[in-house]
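Let's take a walk through this fold together.

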Amino acid sequence: MKPILAAVSLAALLAAAPAANAALKPGAKAPPIHTLASLGGKPIAFDLAAALKKGPVVLYFYPAAFTSGCTAEAHAFAEATDDFKKLGATVVGVSRDDIDKLHKFSVSECRNKFAVASDKDGKITTAYDAVLKRKPEYADRTSYVIARNGTIAYEYTDLNPEKHVANTMAAVKALKR
């Protein structure tokens, strides 16, 4: 019962929290990322520089795996991953969850479509100014599109997961023009 109450409490907090703007604006250099991630329930090393060699990267931060908004967002990114790939983009989610939890989340909610990276110590979340201000042990819901040259092409912060996929898709398409 306690995990359910914690999830409900987190969902209520996130719904009540005001949206904030991320500090990394278009044109800023994206901080490097080297971390453990999960894809299809298996550990992988995620390196931003290596991913950028293939094309732009959609880097999205989310508060906690298996919460309602994060699950909805993961489902939406999973459904759109093939379209992102057609545009040459890599999708990766980042949260403060441990890798064991992300192994499960990557299979069930991300549907084996894209990697989710663990930022247990919060260094990546902090570097990208994606810390949820009212609950700093969680990431804020912030999406970035990082261009191949390593600069931020787009950023969007809103705890409502509804527009993150459409907005990042539009930003990736704009890079292709």
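Which residue just after α3 takes a positive phi? Look at G88, where phi is about 85 degrees. Before we follow the chain further, please keep in mind that this is a predicted model.

Helix α3 spans residues 68-86, 19 residues in all. From the first C-alpha to the last, α3 reaches 28 Å, close to the 27 Å expected at 1.5 Å a residue. Look along the helix and you will find a bend of about 45 degrees at A80. A80 is also one of the buried residues of α3, a list that includes G69, C70, T71, E73, F77 and F84. What lies over these buried positions? The cover includes strands β3, β4 and β6 together with helices α4 and α6.

The largest nonpolar core has 24 residues, and the members that touch the most others are Y62, F77, F84, F105 and F114. At least two residues of this core come from each of β3, α3, α4 and α6. The top contributor is α3, which gives 6 residues. Zoom in on F84 to see how such a member is surrounded: leaving aside residues up to four places away in sequence, F84 touches V58, F77, A89, V91, V165, T168, M169 and V172. Another core lies apart from this one, with 22 residues, among them I33, L59, I146 and I152.

Now step back to the sheet. Its 7 strands form an open, mixed sheet in the order β2-β1-β5-β4-β3-β6-β7. From one strand to the next, the twist averages 25 degrees.

Let's trace some of the pairings. β3 and β4 run parallel and are joined by 5 bridges, with V57 bridged to T90 in β4. β4 is in turn joined to β5 by 4 bridges, again in parallel. Here G93 stands opposite V116, while V94 has A117 as its bridge partner. On the other hand, β1 and β5 pair in the antiparallel sense over 2 bridges. In that pairing, S38 has V116 as its bridge partner in β5.

How well covered are these strands? In a regular strand, side chains alternate between the two faces of the sheet. β3 has V57, L59 and F61 on one side and V58 and Y60 on the other, all of them buried. With 5 of the 5 residues of β3 buried, this strand is therefore largely enclosed by the rest of the structure. β5 is likewise covered on both faces, with A115 and A117 buried on one side and V116 and S118 buried on the other.

Finally, turn to the helices that lie against the sheet. α4 lies across β1, β2, β4 and β5, and runs at about 40 degrees to β1. α6 packs on the sheet as well, touching β3, β6 and β7, and its direction makes about 15 degrees with that of β6.

Key: Residues are numbered from 1 along each chain as its sequence is written. This is a predicted model: local features need pLDDT of at least 70, side-chain atom pairs count only at pLDDT 80 or more; totals for chains, interfaces and linings use all residues. Side-chain values use heavy atoms; hydrogens and water are left out. The expected span of a helix is 1.5 Å times one less than its number of residues. The bend at a residue is the angle between axes fitted to the seven residues ending there and the seven starting there. Buried means under 20% relative accessible area, exposed over 50%, partly exposed in between (1.4 Å probe, protein chains only). Contact means heavy atoms within 4.5 Å. A nonpolar core is a set of buried Ala, Val, Leu, Ile, Met, Phe, Trp, Tyr and Cys residues joined through side-chain atoms within 4.5 Å. Two strands pair if DSSP finds at least two bridges between them. Axes are lines fitted to C-alpha atoms, for helices over the stretch in contact, and angles run from 0 to 180 degrees between N-to-C directions.
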